[in-house]
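Q: I would like to learn how a protein structure is read, one feature after another. Could we look at one together?

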Amino acid sequence: MNATHRLAIAALLALVGGCLAGSLPAAAQAPDTGSKQPPYTMAEYNAYQAACSEKSPQQQIALLNDFVAKYPNSALLNYVYLCYLRNYYAAKNHPKVIEWADKLLALGDKADANQRYEAYYARAFAFNNLPANTVTKDQAVKAREEGLAGLKALADVKKPETMPQEDFDKQVVFPAKIQFNYAAATGATIAKDYPGAVESYKAIIALTPNEPVGWFRLGVAYLSEQPAQYLDGFWALGHSVALKGPAEAQVRKYLRTQMANYQQAGCDSLLDAELSELITLAGSSTERPESYKLPSSADLEAARKDMTILSVITDLKAGGDKGKVTWLAACGSDFPDVPGKALGITPGTDAVTLKLAFVTSDEEFQAATTPNMEVKIVGQPEAARVEKDSLVQFSATLVSYDPEPNFMLHWDKGKVKPENIPAEKKKAPTKRPARRPTAKRPPSS
């Protein structure tokens, strides 16, 4: 927002820069010498001029304080309040800007449309620059209300006759809409009015569709609603990442964490694939299509109910949405006593790898010739003694699979049932060769 803020300040000063020079409507320039008496005295007017023409900010505040104390009901208060406002605005004293903006707006129709607009704008700008942790809920609610009111007041601002409409829209209307909507959105967020925040962030995005921060804040607002609008929130965050702003890595990490909490799948690799898919899709469209779905933890829990390895294989081979949900639910899960026909045994230093065909009957066992499971047996070196074409039952963690046409389940941390492992064959004892008697030498003569 820094560049937008600088543009907005320039637009504000260009539009309403006359007060510091003491400009007033013609009737207020000097006492009316005609039949109609002006609603202030010459002394009153001179005190106003002296205060608002003062170049020293500190001395100006002192003079303005004197004016308000001496003329508390002056018809010039709207101009005096503007001088207060601009003094504190230039000093970046944001709480004081808000204070005097509220006093000016409280005058109602005694301030003209441009003066009210300036108060709304300065207030919104000041609020947008306050640390969020210093803002109370009541202040946040007020900020949202005044931000929305500022949008309405903007419609009544009169364009300078010498300014082309295109320049007016670019230099005044556009930055003002940004400021007002940000104040409304931020106020709603702090006040926990998340539907209101979503509404205002959408308005900001309509003005700045390629600004990653707006998309990020919209996503957070969606996720903060009760109930949370997860898919819309994920889509907005994904679009923010796709725009590759300076905080891309942080937003990506945040999005991944939120997706993990929402889904609670067992395999991180699946989450990473879903994250990449989401960012690609969201980067190509600002609107989430109805066809985009992301199974929730409740969906996965429902899929895990009564799940067996047979149902997993059946669903994975069938594919489609059901196959996707089944795999998200099954990956990373432990399955006990899975039966298979041993078709390959590979001993290793740290693990034994078994190639098995999943079987559920004698007929399947006899017919099986092609493995569809690869099991890594860890901490059980004796599993290398499993015999080819024997029935094996194992318990393991399902970690990945290869789809058709070469369907294969991959398992890790496996253990074979001890009774499926043949006993180690004892080696026959080696016989020592018979020792020949030592030949006796004949006695020497």
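Predicted model: local features only at pLDDT ≥ 70, side-chain atom pairs only at ≥ 80, totals over all residues.

Q: Which residues does Asn181 touch, leaving aside its neighbours within four places in sequence?
A: Asn181 has its place in helix α9, and, once the neighbours within four places in sequence are set aside, Asn181 is in contact with Leu151, Ser200, Ala203, Ile204 and Leu207.

Q: Is Asn181 buried or exposed?
A: A residue is called buried when its relative accessible area is under 20%. Asn181 has a relative accessible area of 6%, and therefore counts as buried.

Q: How would I describe the chain as a whole, and how many helices and strands does it have?
A: The chain has 18 helices and 5 strands, and 42% of its 445 residues count as buried. Its accessible surface comes to about 24,700 Å², and 53% of that surface belongs to carbon and sulfur atoms.

Q: How can the length of a helix be checked, taking α7 as the case?
A: The expected span is 1.5 Å times one less than the number of residues. Helix α7 covers residues 113–128, and its 16 residues should therefore span 22 Å, which agrees with the 22 Å between its end C-alpha atoms.

Q: What is found at the start of α7, and how many of its residues are buried?
A: At the start of α7, a side-chain oxygen of Asp112 comes to within 3.2 Å of the backbone nitrogen of Asn114. As for burial, 14 of the 16 residues of α7 are buried, so this helix is largely enclosed by the rest of the structure.

Q: Which residues have the most contacts inside the largest nonpolar core?
A: The largest nonpolar core has 50 residues, and those with the most contacts inside it are Tyr48, Leu64, Tyr84, Tyr117 and Phe180. The elements that give two or more residues to this core are α3, α4, α5, α6, α7, α8 and α9, and α5 gives the most, with 10 residues. There is also a second, separate core of 34 residues, which includes Ala329, Val338, Phe407 and Trp411.

Q: In which sense does β3 pair with β2, and in which with β5?
A: Strand β2, residues 351–358, pairs with β3 in the antiparallel sense over 6 bridges, and among the bridge partners are Ala351 with Val378 and Leu354 with Val375. With strand β5, residues 408–416, β3 pairs in the parallel sense over 4 bridges, and here Ile377 stands opposite Gly414.

Q: Which residues of β3 make up its covered face?
A: In a regular strand the side chains alternate between the two faces of the sheet. In β3, residues 373–378, the covered face holds Met373, Val375 and Ile377, while the uncovered face holds Glu374, Lys376 and Val378.

Q: Where are the cis peptide bonds from Gln226 to Pro227 and from Glu404 to Pro405?
A: The bond from Gln226 to Pro227 is cis, with omega near 0 degrees, and Pro227 lies in the loop between α11 and α12. The bond joining Glu404 and Pro405 is cis too, with omega about 15 degrees, and Pro405 is found in the loop between β4 and β5.

Q: What is the phi of Lys192, and what is that of Lys413?
A: Lys192 is not a glycine, although it has a positive phi of about 65 degrees; Lys192 is found in the loop between α9 and α10, and at 60% relative accessibility it counts as exposed. Lys413 is likewise a residue other than glycine with a positive phi, near 55 degrees. Lys413 lies in strand β5 and, at 60% relative accessibility, counts as exposed.

Note on methods: Residues numbered from 1 in each chain as written. Heavy atoms only, no water. Buried < 20%, exposed > 50% of the residue type's maximum accessible area, 1.4 Å probe, protein only. Polar contact = N/O pair within 3.5 Å; in protein donor to acceptor, adjacent residues only side chain to side chain. Areas by Shrake-Rupley, 256 points an atom, 1.4 Å probe, with all protein chains shown as cover. Pairing = 2+ DSSP bridges. Core = buried A, V, L, I, M, F, W, Y, C linked by side-chain atoms within 4.5 Å. Contact = heavy atoms within 4.5 Å.
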